[in-house]
Amino acid sequence: MERTFLMVKPDAVQRGLIGQIISRFESKGFKMIAGKLMIISKELAEKHYQEHKGKPFYEDLIEFMTSGPVFAMVWEGDNVIRLSRLMMGSTDPEKAQPGTVRGDFATLVNRNVIHGSDSPENAEREIRLFFEERELIGG
Ligand code: DAT
Ligand code: MG
């Protein structure tokens, strides 16, 4: 069974959207096997977003991701990596279709509500960054 890492970003936690976002993935048929509210360190945010280091938005992204609590999760299901990215919508909410998380809940690319792994390699890497193996339930 495939696994992915999803994270409700600080903007969405602050706006009270955790429940609605979780609900969409549950309704789709995916299973949450770990989840926790946490404030992430600068070091963890930098490891998580290492591929973007040096890009113009990088410093603001790290500051944003450490600005308040996030809700970090591991989800399991058939094709969960690709399908959860589809459900999230385009990175830029201006391009995200209505019906997607970003299309329905966000307007700005730097406040785009949710993170989801984009490949099996990144999913495993991100799960290991945020969770201990023993925190994954029923896996
Ligand atoms: P995604 O989150 O869809 O995987 P990404 O990995 O390309 O997108 O970028 C990571 C995050 O960085 C993204 O969710 C929001 C921010 N970001 C990306 N492009 C940006 C831009 N042009 N301006 C501001 N923030 C940006
Ligand atoms: Mg990405």
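Modeller: Happy to; bear in mind that this is a predicted model. Let's start with helix H4, which gives three residues to the lining of the largest pocket, the most of any element.

Colleague: Which elements give two or more residues to the lining of the largest pocket?

Modeller: About 510 Å³ of space lies in that pocket. It has 22 lining residues, and Lys9, Tyr49, His52, Leu61 and Thr91 are the closest to its centre. The elements giving two or more residues are helix H4 (58–65), strand E4 (114–116) and helix H7 (120–130).

Colleague: What makes up that lining, by residue kind?

Modeller: Nine polar residues, eight charged and five nonpolar.

Colleague: Where does ligand 1 sit?

Modeller: In the largest pocket. To say that, more than half of its atoms must lie within 2 Å of the pocket's grid points.

Colleague: What makes a contact between His52 and ligand 1 a polar one?

Modeller: The cut-off for a pair of N or O atoms is 3.5 Å. A polar side-chain atom of His52 is 2.8 Å from an oxygen atom of ligand 1, so the pair counts as a polar contact. Thr91 passes too, because its polar side-chain atom lies 2.5 Å from a ligand 1 oxygen. As for cover, ligand 1 taken alone exposes 520 Å², and the protein buries 75% of that.

Colleague: Which residues are around ligand 1?

Modeller: Lys9, Tyr49, His52, Phe57, Leu61, Arg85, Thr91, Arg102, Val109 and Asn112. They are on the list because each has a heavy atom within 4 Å of the ligand. This shell divides into four nonpolar, three polar and three charged residues.

Notes:
Residues are numbered from 1 along each chain as its sequence is written. Chains are lettered from A and ligands numbered from 1 in the order in which they are written. This is a predicted model: local features need pLDDT of at least 70, side-chain atom pairs count only at pLDDT 80 or more; totals for chains, interfaces and linings use all residues. Side-chain values use heavy atoms; hydrogens and water are left out. A polar contact is a pair of N or O atoms within 3.5 Å; within protein, one must be able to donate a hydrogen and the other to accept it, and residues adjacent in sequence count only if both atoms are side-chain atoms. Accessible areas come from the Shrake-Rupley method with a 1.4 Å probe; for residues, only the protein chains shown count as cover. On a 1 Å grid over the protein atoms alone, a cavity is a set of points where a 1.4 Å probe fits but cannot get out, and a pocket is an open set with protein on both sides within 12 Å along at least five of seven lines; lining residues have an atom within 4 Å of a point. Ala, Val, Leu, Ile, Met, Phe, Trp, Tyr, Cys and Pro count as nonpolar, Asp, Glu, Lys and Arg as charged, and the others, Gly among them, as polar. Grid points are joined across faces, edges and corners, and a volume is the space filled by probe spheres set on the points. Helices (H or I, at least four residues) and strands (E, at least two) are DSSP runs, numbered from the N terminus.
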